[in-house]
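Subject: Structure for you to look at

Hello,

Here is the structure I promised. Please open it first, then read my notes alongside it.

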Amino acid sequence: MDKHAFHLGVSELAALRGWIVGLPAKAAVATFLKDFEGNAESLLKGWMERLALKARLAGRPDWARLLSQRPASEEKQREAVAIIEKLARLEDPRPGPDHPLDLWLPPSLAKACWELGFKTLGDLVPEGWRRLSGRSQAWVREWLVANGLVSSTDPVGVIASGSLAPAPIERLMPPEALDGRNGTNRAPGPPKIDAANDYEAIKSWLSLWPEGSHTWKAYRRESERFLLWCLVERGKAFSSVTAEDGVAYRTFLKDPRPADRWIGPPRPRTSKEWKPFRGPLSDRSVHQAEIILGALCQWLVGQRWLDSNPFAALPRQRRNARMRTDHALTEAQWRFVIAYSGRRIDLAQTEEKRRCAKRLRFVLEFAYLTGLRLSELAAARMGDIKPVVRRDSTQYWLTVIGKGGRPRRVPLPPRLVERLIDYLRDRGWRVDQPEQAPPDVPLVASIRRPLQVKNGTFARQESALTPLGLHHQIRQFFREAGTELAKQDPEAGRRLRAATCHWLRHTHGTHALDRGVPLTVVRDNLGHASIQTTSLYLHKDADERFKEMEKLMVESHPVRRLPGT
C-alpha cells in the first residue's frame, strides 16, 4: 500500500482498532498481520495519518483532529473506532488539480516535482509530467492515468525491459511494448471491456468477484504470477503468449527460478521484499493455477480481448481427484482431540483462557460436524441460520457462500444447535434458540472485543474472529494436542501436529461416508464436487439430507477428560 493509499483491509482495520483501544502496537499487529517484521507502531501511526487525511478531504476536520494521535480516554477510543469504521465505508477521495503534490505523491517524487517548479497536481497536466525523467516519469504518468487526470492514450517513454522485476501488479509499470495493447494474440476489433492494457483487462475479470474475498484473492494471485512471469522471464506481453509458453510456465511453477527473484517468506504487498512465491508448487496447485488461468483467458476471449485461449491447447495432467483421506483424522484421533480440548477448559487458569478454550472446543465440533471451509466458518453470521419447522421437529440450516460465490445450505444436527446456544450464552447472549440472536452477530466471535452491556444497551458489539486468527489458534491447538498424543503414540502424534482446520473438513467427509451417509449427501453438504462429478449424482431432498447427517453425531459423546486424568 502506498504512503497515501486510503484503503485498509479487514486485518489492517482490526489491528488498528486493537491498538486504539489499548493493545500494545506489536501485539495488535502480530495478532492480525502474519509475519510482519517492521516497526509496528510506525505502521499503525501511518494508517492513522492516512485516515486523518481522508477525513480532511471528506470535509470532516473534527474527525481528522481526533485521529491525529492515539486517544487516551476510553470514551475517545470508542469514538475513534467508530470514526475509522465510518471512514472505511466512505468512498476513497479522488485527487484534484488544486491539491498539493505531497498530499498524494511519495516524498521523493514530490521533491523531484518541486525542483521543476511544480506545486500542485494541476501543474503536472496535461503535459507537465513529461519534464520528469526515467521511472519517475513513468510512475507519475501511470498514477495520473489511473486517477483520470490525463488520458491513457497519451504516449509515454519506454522503460527498458531489463529493469522489470516481480512486483505486485498494482505497482507494476511495464513498457508500452509489453503492456498488451499490441499483443500478438489480441482479438481483431474493439474489445467489449474498457481496458487499455493487459493489467486493466485482468482487473475487469477480477471485478466479477467481491474484492478481498477468498476467490478474488486466489484469482489475483494466479493471474498476477502469470503476468509477472510473462514480462520478466519471457519478455513478452500477457496477450502475446502461446500454448508453448503455457507448457514452459507449468515447468516454472514446479521450480520457480531464479529463486532469489521469485521466492521469499510472506511480506506485505508494500514491502520491497515481497515475492510472488513461497516455494515450488505441488502438482495439485499447478493444476489449480492452470484451471484459473484457463478461465481468465477464456473470459477474455469472450470479451474480444484475446483471440484464443493459450491454456485450452495445453495437454492436461492426470490427477487423482479423490478426497485426501490422508489428511483426515482417524476416529481415535478425533476422540483424543475432543477429550484434549475438554481438558484445556478444565485447566484454564484465567477467565479469558477459559473462554478461549471453550470457543476452540465449539469451533472444532462445528467444523467437524458441518465440513465448512475456514473462510466460510469465519464469515458465518447468526442471520445465516434459519429454522425450518416440520411436523414433528424444527430443523436448523446454515447458508454459506462457497467457492465461486455458490451458496449452499448445511444442516445443523440438534445437539450441535444445543452447543451453539451454550456458546452464545457464554458470550453474554440470552437466547433459547439461534434465531433470537441479532442477525449480524458472528458465529465465531473475537475474545478481544467481547459483548458489553451498559444500562441495558449494547456498548460494544462483538467482532468476528478473522480467518487468520482461526487458522493460528487451530494450528497451535493441533500442535499441542499432537505433542501430548505422541507420548502414547508417536506416529499418531506426529500426524496430529501437522493437522490444520482443513483436515476437519476431510475428517467430516471421511467419517460421514464410513458411517453410511450417502455420497450425494456428503457432496451437497461440502459443496465439494466438480461440475463433472455433480452430473453423476442425483440431489437428495432436504428432509432426507437432514436425517442422514444426524448419523454423524456420535451416539455416546466422547468424555471431556482424558483417561487417567
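Where is Leu-172 found? Leu-172 sits in the loop between α7 (134-146) and α8. Keep in mind that this is a predicted model.

Is Leu-172 buried or exposed? Its relative accessibility is 11%. The cut-off for buried is under 20%, so Leu-172 counts as buried. Setting aside neighbours within four places in sequence, Leu-172 is in contact with Ala-165, Leu-227, Leu-228 and Leu-231. Tyr-199 is 27 residues away from Leu-172 along the chain, and their C-alpha atoms are separated by 9.0 Å.

Now the chain as a whole. The protein chain has 565 residues, and 47% of them count as buried. Its secondary structure comes to 22 helices and 5 strands. Take the contacts between residues at least 6 apart in sequence: 61% of these join residues at least 24 apart.

Two helix pairs are next.

Start with α8 (residues 198-206) and α9 (residues 214-234). Their axes come within 10 Å and cross at roughly 160°. Angles over 145 degrees count as roughly antiparallel, and α8 and α9 are therefore roughly antiparallel to each other. The crossing of α8 and α9 is right-handed. From α8, the residues in the contact are Ile-202, Trp-205 and Leu-206. From α9, they meet Trp-216, Tyr-219, Arg-220, Ser-223 and Leu-227. By class, the contact of α8 with α9 has 6 nonpolar residues, 1 polar and 1 charged.

α2 brings Ala-25, Lys-26 and Val-29 to the contact, and α3 brings Ala-40, Glu-41, Leu-43 and Leu-44. The contact of α2 with α3 divides into 5 nonpolar, no polar and 2 charged residues.

Helix α13 (residues 331-347) has 17 residues. From first C-alpha to last, α13 reaches 25 Å, close to the 24 Å expected at 1.5 Å a residue. Which residues of α13 are buried? They are Gln-333, Trp-334, Phe-336, Val-337, Ile-338, Ala-339, Tyr-340, Ser-341, Gly-342 and Ile-345. What covers them includes α14 (351-370), α17 (467-485), α18 (490-497) and α19 (501-514).

α14 itself has 20 residues and reaches 28 Å from its first C-alpha to its last, close to the 28 Å expected. α14 is mostly covered, with 14 of its 20 residues buried.

You will find Leu-552 in the segment after α22 (542-549). Leu-552 counts as buried, at 1% relative accessibility. What does Leu-552 touch, not counting residues up to four places away in sequence? The list is Tyr-368, Leu-369, His-508, His-511, Ala-512 and Arg-515. Arg-515 is 37 residues from Leu-552 along the chain, yet their C-alpha atoms are separated by 7.1 Å.

Best wishes

Conventions:
Residues numbered from 1 in each chain as written. Predicted model: local features only at pLDDT ≥ 70, side-chain atom pairs only at ≥ 80, totals over all residues. Heavy atoms only, no water. Helix = DSSP H or I, 4+ residues; strand = E, 2+ residues; numbered from the N terminus. Expected span 1.5 Å × (residues − 1). Buried < 20%, exposed > 50% of the residue type's maximum accessible area, 1.4 Å probe, protein only. Contact = heavy atoms within 4.5 Å. Axes fitted to C-alpha atoms, helices over the stretch in contact; angles between N-to-C directions. Parallel < 35°, antiparallel > 145°, perpendicular 65-115°, else oblique. Left-handed = near helix turned anticlockwise from the far one by under 90°. Nonpolar A, V, L, I, M, F, W, Y, C, P; charged D, E, K, R; others polar.
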